[in-house]
Amino acid sequence: MRKFATIGTVLAVVLAVAVIPAASAQRHSAEPPAACAGLVTQLADTLKKAIEPLAANPPAPDKVAAPLGDVLRLLVAMTAAKCLPTPPTSAPAEVRAHGPELCLSQAMAVFAGLFSVLSKVVPGAVAPDPGKLRGEVQAWLKAVADAVQTCGLPAPPDGMPTMPNPPA
């Protein structure tokens, strides 16, 4: 009986140590931070400004670099505001994403797509083929829309922009 009392006491202590902190720990909300709605709306508006020169006839990729730089600034702000997850680093990082695991993958695809398009339109770059550039921008805009949805961010009032049909 004495052995049972000792084991029971040890189990009670272990249970208390494991359960009480877990129950009192602050849970991560499934809702994105309040700032995310405004940032997503700003992102959508800035994307529209970046698309305009590419939708013109003829396309003007030289006028896209500045708005794409603004898009990069907004994506970094979304990461800082915990709307998008922090990219993995060699040092342990705090969990900054509120969405599912796929959110990190989608966010990285958005950054990769942005850098790919930006590398083709910065001053001094070789003039891109307009058709290929439009296709790449269209794929990137889809990745942005997918990331907003996957990460559980609120959609902007007018929805995420898309690449308009090529001018006739």
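View 1. The model is predicted, so local features need pLDDT of at least 70 and side-chain atom pairs count only at pLDDT 80 or more, whereas totals for chains, interfaces and linings use all residues. Residues are numbered from 1 along each chain as its sequence is written, and side-chain values use heavy atoms, with hydrogens and water left out. The side chains of K48 and D158 form a salt bridge at 3.8 Å, N to O, the term meaning a side-chain nitrogen of Lys or Arg within 4 Å of a carboxyl oxygen of Asp or Glu. Because K48 belongs to helix α2 (residues 35-55) and D158 to the segment after α5 (130-150), the pair ties together parts 110 residues apart in sequence; helices here are DSSP runs of H or I with at least four residues, numbered from the N terminus. D158 is exposed, at 67% relative accessibility.

**View 2. E136 and K120.** A salt bridge joins E136 to K120, with the closest N and O atoms 3.2 Å apart. This pair links distant parts of the chain, since E136 is in helix α5 and K120 in helix α4 (residues 102-121), 16 residues apart. E136 is partly exposed at 22% relative accessibility, and K120 is partly exposed at 29%.

**View 3. D146 and K142.** In this salt bridge, the closest N and O atoms of D146 and K142 are 2.9 Å apart. Both residues lie in helix α5, 4 residues apart, about one turn of the helix.

Technical notes
Helices (H or I, at least four residues) and strands (E, at least two) are DSSP runs, numbered from the N terminus. Buried means under 20% relative accessible area, exposed over 50%, partly exposed in between (1.4 Å probe, protein chains only).
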